[in-house]
Structures are given as structure tokens and as C-alpha cells.
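I opened the model today to look up a few local features and then the packing. My notes follow in the order I checked things.

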Amino acid sequence: MMDWIVNDPTAAVFASLFVALVLAAAAIPKFYHPDEFQGVVANYRLLPNFLVAPFAKLLPLVEVICAVALVIPVTREIAACVAAALFIMFAVAIAINVGRGRTHIDCGCVRRPTSMSRIGMFHVMRALALAGVSLFAAAMHVEYTRISLESGVLGLATAAMLALLYLGADMLVGFPETKNNLDLKGNSND
């Protein structure tokens, strides 16, 4: 059964679409809030000051180009390799800061409704998992003529659903911790 999944061209297309959606979801907020993202890049304290602004402007552009290239058959494999390199770079940057004890910073992955997010080994492992999915997509040669319409639609729907779950989990991890400070009216035992 597993051999069929690994060798099914639909799985590679699904992986490419999923990675494309993750990259697009990460890039778009960076275009809308460039100053905020530049602050996130600076807060990692990995680049010299003169490289922070150019990197913060270039990264979302690379993410969007890579996302688009992942859905174009002739550029899919190269784009998947670039995506893997991006995710490995993210994992290393996060791991360095976790190692420094700087877990209070925002990962910069997806813009959250709160700026009180924290980074941790979860983010490192997630980035490495995304690099693995990208490498799988890069390694699989796909003959698009072998993919049926039904398989293509199912792969697209699955990629979209998994991307939504990914984004939802990212938002949940980003919420600040609470200590059961819920004040439910009518339920006081005073």
C-alpha cells in the first residue's frame, strides 16, 4: 500500500500544492505589513543591520515566486528544491534562537492576530517536516498525463484542507498562554 502512495504522481502534485499554499500564506502578509516583518527579521539577530531590510523585502518575493513555480509543471522540481532550502534556513534560524534562549520572538511564519507568539522546537520540527515534503515533491518525477481528473481534484482539495489545518494549528500555537482566566458570568461561587 505504501509503495503505491509513494509512487503515485498525485502524491507529488499534492505535496507541491500543499507547499505552494503554505508559502503563499506566509508571503502575502509580509507584503501587507513590510515594516512589521522587517522587525521580525531584525529580532532574529542573525543578519548584519545593513542586510535586514533587503532580506525582509526579498524573502516574501522568493516565497511567492516559489509558490507559483510549484504549480507549473516545468518548474515544479526546481521550486520544490528552493522551498526545501527555505524551510531548512527557517529551521536553522529558529533553532539558533531557541538555543540562545530567545523563545519570546515571533517566528514570522504567518501573521497572527497577536504579537505574543513564541518560538520553540515545534517550529523547528515543522520547518524540517515542510522541507521533507518539499524534497519528496522534488524527487518525484510526474507525468501529468497519468493523473486522472478525479485524482487531480482530490489532490487539490486535500492540499487545501491540509494547508488550512496547518494555518489553524499555527495560529493556535501562536496564542499567548492563559491560566484559566475565563470569567463566565453567572458561574461565580463567591
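Which residue with a positive phi follows H5? I found Gly-101 there, with phi near 85°.

**Ground rules.** This is a predicted model, where local features need pLDDT of at least 70, side-chain atom pairs count only at pLDDT 80 or more, and totals for chains, interfaces and linings use all residues. Residues are numbered from 1 along each chain as its sequence is written, and side-chain values use heavy atoms, with hydrogens and water left out.

**Overall layout.** I looked up the secondary structure and got seven helices and zero strands. Helices (H or I, at least four residues) and strands (E, at least two) are DSSP runs, numbered from the N terminus. From the N terminus the elements read α-α-α-α-α-α-α. I then looked up burial: 39% of the 190 residues are buried. Buried means under 20% relative accessible area, exposed means over 50%, and partly exposed lies in between (1.4 Å probe, protein chains only). For contacts I used heavy atoms within 4.5 Å. Of the contacts with a separation of 6 or more, 76% join residues 24 or more positions apart.

**Arg-45.** Arg-45 has one, about 55°. Arg-45 sits in the loop between helix H3 (34-44) and helix H4 (49-70), just after H3. Arg-45 counts as exposed, at 54% relative accessibility.

**Helix H3.** Which residues of H3 are buried? I noted Phe-37, Val-40, Val-41 and Tyr-44. Seen down the helix axis, these buried residues fall within an arc of 95°, so they line one face of H3. The arc is taken from the directions from the helix axis to the C-beta atoms. The cover over the buried residues of H3 includes H2, H4 and H5.

**Helix H5.** I checked the length next. H5 has 24 residues, and at 1.5 Å a residue they should span 34 Å; the end C-alpha atoms are 34 Å apart, which agrees. The expected span is 1.5 Å times one less than the number of residues. The buried residues of H5 include Arg-76, Leu-86, Phe-87, Ile-94, Asn-97 and Val-98. Helix H2 (9-32), H3, H4 and helix H6 (121-139) are among what covers the buried residues of H5.

**Aromatic pair.** How many aromatic pairs does the structure hold? I found one. Phe-87 and Phe-90 pair edge-to-face, at 6.1 Å centre to centre and 75° between the planes. Rings of Phe, Tyr and Trp (its six-membered ring) pair if their centres lie within 6.5 Å; planes under 30 degrees apart count as stacked, over 60 as edge-to-face and the rest as tilted. Phe-87 and Phe-90 are three residues apart in helix H5 (residues 76-99), so about one helical turn separates them. Phe-87 is buried, at 4% relative accessible area.

**Nonpolar core.** Phe-87 turned up again here. In the largest nonpolar core, of 45 residues, Phe-18, Leu-23, Tyr-44, Leu-70 and Phe-87 touch the most other members. H2, H3, H4, H5, H6 and helix H7 (149-174) each give two or more residues to this core. Such a core is a set of buried Ala, Val, Leu, Ile, Met, Phe, Trp, Tyr and Cys residues joined through side-chain atoms within 4.5 Å. I listed the contacts of Phe-18, leaving out residues up to four places away in sequence: Leu-130, Val-133, Ala-159, Leu-162, Ala-163 and Tyr-166.

**Salt bridges.** I searched the whole structure and found two. A salt bridge puts a side-chain nitrogen of Lys or Arg within 4 Å of a carboxyl oxygen of Asp or Glu. One joins Glu-63 to Lys-30, with the closest N and O atoms 2.9 Å apart. Glu-63 lies in helix H4 and Lys-30 in helix H2, so the pair ties together parts 33 residues apart in sequence. Both Glu-63 and Lys-30 are buried. Arg-76 and Glu-77 also form a salt bridge, 3.7 Å from N to O. Arg-76 is buried at 2% relative accessible area, whereas Glu-77 is partly exposed at 34%.

**Arg-118.** My last stop was the loop between H5 and H6, where Arg-118 is found. Arg-118 is partly exposed, at 46% relative accessible area. Beyond residues up to four places away in sequence, Arg-118 touches Thr-103, His-104, Ile-105 and His-123. Cys-107 is eleven residues from Arg-118 along the chain, and their C-alpha atoms are separated by 7.2 Å.
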